[in-house]
Amino acid sequence: MDSGKRKSNFLIFMTDQQLGTTQQSKGPAYMPNLERLKRHGVTFQEAYCPSPHCCPSRASFFSGLYPSEHGIWNNIDLADAFSHGLNDGIKLFSEDLKEAGYQMYFSGKWHVSAEEGPGDRGFGPWIYPPQEDRYKPWKRTPFMGDWDWLLEEDDIALEEGRREGEISRIGFPQYSQYGVMENPFGDGDVVSCAEGWLENVSKDEPFCMYVGTLGPHDPYFVPQQYLDLYPDESIVLPESWKDRMLDKPNLYRRTRERFDQLGEAEQKRSLKHYLAFCSYEDALFGRLLDVLERRELLEDTVILYVSDHGDYAGAHGLWTKGLPCFKEAYHICSVMGYGGIKAEGTVISQRVSLLDYAPTFLELAGILEADNPEAKRRFSGRSLKPFLEGGIPERWRSETYTQSNGNECYGIQRSIFTDEYHLVFNGFDFDELYDLKKDPDCMINVMEEPGYEAVIYDLYKKLWKFAYLHWDALGDPYITTALARYGPGIIRTAKREMKGFPFA
């Protein structure tokens, strides 16, 4: 990046629940506008979120920290949420950019805090939907807020029976997994607002515009023209769709049972609608690229297309996201392009994290210097700038760590992905270990098979070390809660070497 030029603009397009494999060239989803960005940028093919849930992942994106550090563990606007706002002292990159003179625009989904909106964290005055009266202090005592809508909802199923694409749930609202809709979630309105801003944004001052759509989140309702892109015979369910998960935690099987109401043909139609939804989001993204090109702003702008988390998309018979700890829920889209990026057209195989973007934006904006020991700001992510310039940073991570306390159906779960293994610690059930070299689809849990004990010990040691470095309080030794196979004491001898460790 040329530091002699004026500060780069930033355009961030974040989709909701988009699986990372949908960004592959000649992959399952038709995304011509993302291909356009890839030709002029860098594709991170192994990008991951820290949690398979909107709020903790979005808080990590804006802060560069893990959930154990920023304090957001689950959806913050529910009555039974663990927390409704960020921990004290947490600063978001949007605040830094505002202080540095950036014009800050925000359109779409926030989902970082229920107590503060984007206008409290650096964005504005251009905010859509308007922030007024949307955020408030939350009660610290139990209340019945989530009952109001449930008992007043007219569309409650009171008897068995379902139509095509529906999942029957007596006593709950009707749920249809897929269908046709012209403006799903109002994403077209979110992008139209951003288009209007881009048509009038000043060329003399740097800007940062965040556009957060809700697609391709379930239920998968999309305009018909995008469904027409996918012939029925082209839809193939993942190989792991056959996995009945008999060797996995019972919660996994219980979750799958919901979706088993949908026959194989309906599940293929679910996948067709999901992929069509990705194409629809791509078309919305293309509208923003067109405005930047027409106004001759592309070369002055760094553009990020990214998703907050993935979708199982039929893997292991599952859909949407949640506690089942499979790669599909954590693997995200991530392409960064235009704006003088030297390594355009490059595909990066190193593991990157949703936490890496906050330090990246601040370094590209000249606010933070790379690996500056005097910098007072602490990030658990690292700047991706060296990748954008054609290099590989020193001591880059070789593992991916995840943190979840459950998506409202609570349960402690932590995991580590390496190139060879995937270990999952489940505080609510037995653990999982997958030998990825032999079993990349995670069909066989080898946790209790002979010959893996040394691997399990080593991975647990890495998991506890990571927890220690990132303030993850999992060390309660009480007999009925300390259920891990190996406890945190196995890292005692490594404590001294971890002091001041800058990142994991």
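A residue is termed buried when its relative accessible area is under 20%. All views below show a predicted model.

**Figure 1. Cysteines C49 and C54 in the predicted model.** C54 is buried because its relative accessible area is 3%. C49 also counts as buried, at 1% relative accessibility. The sulfur closest to that of C49 among the cysteines belongs to C54, but the separation is 9.7 Å, so the two are too far apart for a bond. C54 takes part in no disulfide either; its nearest cysteine sulfur, in C55, is 6.3 Å away. With the criterion that a disulfide requires two cysteine sulfur atoms within 2.5 Å, the count comes to 0 disulfides.

Figure 2. After the helix comes G64, which has a positive phi near 75°.

**Figure 3. Surroundings of N75.** N75 is placed in the loop that connects α3 (67–70) with α4 (93–99). Its relative accessibility is 15%, and N75 therefore counts as buried. A polar contact of 3.4 Å links the side chains of N75 and H53. Apart from neighbours within four places in sequence, the residues in contact with N75 are H53, C54, C55, A81, H111 and E408.

**Figure 4. The eight-stranded mixed sheet.** An open sheet of 8 strands has the order β5-β4-β9-β1-β11-β13-β2-β14, with mixed pairing. Its edges are formed by β5 (125–128) and β14 (346–348); each has a single partner strand, so one side of each is left without a neighbour in the sheet. From one strand to the next, the twist averages 10°.

Figure 5. Strand β1 (residues 9–15) is mostly covered, with 7 of its 7 residues buried. In a regular strand, side chains alternate between the two faces of the sheet. In β1, N9, L11, F13 and T15 point one way, F10, I12 and M14 point the other way, and all are buried. On one flank, 7 bridges connect β1 with strand β11 (residues 301–307) in the parallel sense. Strand β9 (residues 207–212) also runs parallel to β1 and is joined to it by 5 bridges. Residue I12 takes part in both pairings: it stands opposite L304 in β11, and its bridge partner in β9 is Y210.

Figure 6. Strands β2 (residues 41–44) and β13 (residues 334–337) run antiparallel and are joined by 3 bridges. T43 has V335 of β13 as its bridge partner. Helix α11 (residues 357–364) packs on the sheet and touches β1, β2, β11 and β13, its direction making about 5° with that of β13. Helix α6 (residues 187–200) lies across β1, β4 (103–108), β5 and β9, and runs at about 165° to β9.

Figure 7. Strand β18 (residues 421–426) runs antiparallel to β19 and is joined to it by 4 bridges. Within this pairing, H422 has Y434 of β19 as its bridge partner.

**Figure 8. Helix α9.** Helix α9 comprises the 31 residues 264–294 and extends 45 Å from its first C-alpha to its last, close to the 45 Å expected at 1.5 Å a residue. The helix is mostly covered, since 22 of its 31 residues are buried. Just after α9, E296 adopts a positive phi of about 60°.

Notes: Residues numbered from 1 in each chain as written. Predicted model: local features only at pLDDT ≥ 70, side-chain atom pairs only at ≥ 80, totals over all residues. Heavy atoms only, no water. Pairing = 2+ DSSP bridges. Helix = DSSP H or I, 4+ residues; strand = E, 2+ residues; numbered from the N terminus. Expected span 1.5 Å × (residues − 1). Buried < 20%, exposed > 50% of the residue type's maximum accessible area, 1.4 Å probe, protein only. Polar contact = N/O pair within 3.5 Å; in protein donor to acceptor, adjacent residues only side chain to side chain. Contact = heavy atoms within 4.5 Å. Axes fitted to C-alpha atoms, helices over the stretch in contact; angles between N-to-C directions.
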